[in-house]
Amino acid sequence: MPRPPAAALPSAVLWGRDHVDYGDVVTRAVGEAVGLALTRGRHPKPYAWVDPNEDVVAAVVGPRATLLAVADAHNGADAAEAAITTVLECFGDDPPDDPDEAALVDLFAAAGHAVLRVTSQLAPPHRDSRTTLSVALVGPETVTWAALGDSPVFVVHGGRARELSIPRHLFVGHPLSRFVLDERLSRGREPLQPGDAVVLASDGFTNFAVIDPAAAVAEALAAAPSPVDAAAALVDHAVDGGAGDNVAVAVAAV
């Protein structure tokens with residue numbers, strides 16, 4: 001099926017529950033410098049699952065910075081939806097370009113509380129829904145990012161891509177104290193230059209990349225004419241690798 005035409009919007013969210021056909025890839029252009037892409041995958045998941053597509057990807061282009069966010073849930077999409085909703089409500093239409101570390105920890109703590117608040121009202125297995133969450137705030141000179149779980153954050157500089165995040169088997173919605181969250185939340189700030197890019201993805205991309213994921217990111221961005229084309233190319237790369245998982249990608253060019 002042909003992809004729907006990309007519309008240049010100031011913000012967009014692709015909710016996995018809205019895109020559940022095998023092989024279909026949906027894309028969105030968010031402004032001129034940001035692209036999103038999402039698919040259920042080409043093949044059935046090789047493990048037990050609850051909802052067909054449990055990924056969510058979002059972007060907001062504000063006057064100071066661009067927000068990217070990816071969440072990859074298990075035991076239902078509920079946790080991913082609650083986490084992304086919390087992030088969007090926190091930053092609104094004017095994401096900051098230089099949040100401090102304490103604010104990022106507070107954000108993930110709030111997302112965790114939101115997940116537990118939502119899922120505690122659900123019947124099993126949705127009651128056990130938990131999610132990865134990766135967030136990046138891309139300013140004109142820096143990217144500030146944070147991640148919990150295994151949805152990677154990449155920075156592309158000088159034609160080379162590097163994964164910034166550290167994958168951990170720890171998810172938003174686990175009952176973590178703020179001390180433990182502060183200790184385990186992967187986060188940082190990186191300088192950016194014109195021509196750089198920031199990429200977030202779910203593990204459906206990294207698990208099915210046919211080459212090193214960072215190399216695949218660099219290749220896609222070098223060849224694609226726009227960020228939305230790069231996001232689509234990265235999803236296609238995973239699908240061509242036999243993706244038996246949901247795949248979500250967000251790309252922001254500096």
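**View 1. E54 and K45 are both buried.** Buried here means under 20% relative accessible area, while exposed means over 50% and partly exposed lies in between (1.4 Å probe, protein chains only). These two residues form a salt bridge, with their closest N and O atoms 3.5 Å apart. For a salt bridge, a side-chain nitrogen of Lys or Arg has to be within 4 Å of a carboxyl oxygen of Asp or Glu. The structure holds nine such bridges. What you're looking at is a predicted model, in which local features need pLDDT of at least 70 and side-chain atom pairs count only at pLDDT 80 or more, while totals for chains, interfaces and linings use all residues. Residues are numbered from 1 along each chain as its sequence is written, and side-chain values use heavy atoms, leaving out hydrogens and water.

**View 2. R178 meets D106 in a salt bridge.** The closest N and O atoms of this pair are 2.7 Å apart. R178 belongs to helix α3 (residues 178-184) and D106 to helix α2, so the contact ties together parts that lie 72 residues apart in sequence. Helices (H or I, at least four residues) and strands (E, at least two) are DSSP runs, numbered from the N terminus. Neither end of the pair is hidden away: R178 is partly exposed at 39% relative accessible area, and D106 is partly exposed too, at 40%.

**View 3. E190 and R162 link two strands.** Their salt bridge has its closest N and O atoms 2.9 Å apart. E190 sits in strand β11 (residues 186-191) and R162 in strand β10, so this pair ties together parts 28 residues apart in sequence. R162 is partly exposed, with a relative accessible area of 44%. Elsewhere, R17, D78 and E81 join up in a network of salt bridges.

**View 4. Six strands line up in an open sheet.** Go across the sheet and you meet β2-β3-β13-β12-β9-β10, in that order, with antiparallel pairing. Two strands count as paired if DSSP finds at least two bridges between them. At the edges stand β2 (25-30) and β10 (160-163), each with a single partner strand, so one side of each has no neighbour in the sheet. On average, neighbouring strands are turned by 15 degrees against each other, direction ignored. V156 has A161 in β10 as its bridge partner.

**View 5. Two helices, α5 and α6, meet the six-stranded sheet.** Helix α5 (residues 213-223) packs on the sheet and touches β9, β10, β12 (197-201) and β13 (247-253). Contact means heavy atoms within 4.5 Å. The direction of α5 makes about 50 degrees with that of β9. Helix α6 (residues 227-240) lies across β2, β3, β12 and β13, and runs at about 25 degrees to β3. Axes are lines fitted to C-alpha atoms (for helices, over the stretch in contact), and angles run from 0 to 180 degrees between N-to-C directions.

**View 6. Strand β4 is largely enclosed.** Six of its seven residues are buried, so the rest of the structure largely encloses β4. Strand β1 (residues 11-15) is joined to β4 by five bridges, running antiparallel, with W15 opposite V56 in β4. β4 and β5 also pair in the antiparallel sense, over seven bridges. Here A58 stands opposite A69 in β5, and a hairpin of four residues takes the chain from β4 to β5.

View 7. You'll find N75 in the loop between β5 (66-74) and α1 (78-91), partly exposed with 29% relative accessible area. P125 is in the loop between α2 (101-119) and β6 (130-131).

**View 8. A110 and G158 have C-alpha atoms separated by 36 Å.** Along the chain, these two residues are 48 residues apart. A110 is in helix α2 and counts as partly exposed, with a relative accessible area of 33%.
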